[in-house]
Amino acid sequence: MRLKLHLIFDDLGRRFGISKSLACKLFNSWMPVLAEQLKGLVVWLPRETIRACIPESFRENYPRTTVIIDCAETFIQRPTNLKSRSETYSNYKSHNTAKYLVGIAPHGHIMFISRAFGGRASDKFIVEKSGFCQYLLPGDEVMADRGFTIDDLLFPLRVKLNIPAFTKCKPQLSNEDLTTTRRIARVRIHVERAIRRLKVFKILSSTVPVSSLKNFDDILLVCSALVNLRSDLIREPDEFAEI
């Protein structure tokens, strides 16, 4: 109830006939236990499994895609410490946030969820420091938004990056670049749908109090595991139908 509805501990205490402090203690004590028990549901799948389960929408243009990545942010209470306040302030959201990297297989299974970083961190910094790259193998392909300028991180690993084209100094995209961008956008949207499933847990779509930040990495892992227990994100032939 705390994860899904983000009920305050006063409310939870009244519902279950316990004190607010005991409700808080129970939640904070059980989150690490749940994370430990459920971490096996958020695993990096073998390449053979990913290839065998790849949806039809990927097979024509991006059959070697291993993972689709994007970053998500959750509002947090403004820290009193000035350094923490600066490190967590997101210019994109104009608010203090916790920022984390989500990686899904082409068929929608969440394979990677990073620890939380301050909202000030760039997408590239999170990819580099989260341990994401250690799961990649030569010949893999990563799909991302154009904000992920991580070619220099992936090239030494012999991993290809597929992102929408930049206009750079050109007034507009060429026809070829426009076609590529549309193809990527059509399939990359699934990681946004996976993040929407995460945000169904209102603790991730509301403002997280400072007192809950110590368990936030465990909260992310538990919510990701519960998302993976849901029915398939992509159903064929109507792969874009939301479940």
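These legends cover close-up views of aromatic rings and of charges over rings in a predicted model. Local features need pLDDT of at least 70, side-chain atom pairs count only at pLDDT 80 or more, and totals for chains, interfaces and linings use all residues. Residues are numbered from 1 along each chain as its sequence is written, and side-chain values use heavy atoms, with hydrogens and water left out.

**View 1. W44 pairs with F132.** Rings of Phe, Tyr and Trp (its six-membered ring) pair if their centres lie within 6.5 Å; planes under 30 degrees apart are stacked, over 60 edge-to-face, the rest tilted. The count by this rule is seven aromatic pairs. W44 and F132 are edge-to-face because their ring centres are 5.7 Å apart and their planes stand at 65 degrees. W44 sits in the loop between α3 (20-38) and α4 (47-52), and F132 in the loop between α7 (123-129) and β6 (141-143), so the pair ties together parts 88 residues apart in sequence. Helices (H or I, at least four residues) and strands (E, at least two) are DSSP runs, numbered from the N terminus. W44 is buried at 18% relative accessible area. F132 is buried at 0%. Buried means under 20%, exposed over 50%, partly exposed in between (1.4 Å probe, protein chains only).

**View 2. F112 also pairs with F132.** This pair is edge-to-face, at 5.5 Å centre to centre and 75 degrees between the planes. F112 lies in strand β4 (residues 110-113), 20 residues from F132. F112 is buried, at 7%. W44, F112, F132 and Y135 form one aromatic cluster.

**View 3. Charges sit over the rings of F27 and F201.** The rule requires NZ of Lys or CZ of Arg within 6 Å of the ring centre and within 35 degrees of the ring normal. The charged end of R2 is 5.6 Å from the ring centre of F27. K4 lies over the face of F201, 5.7 Å from the ring centre.
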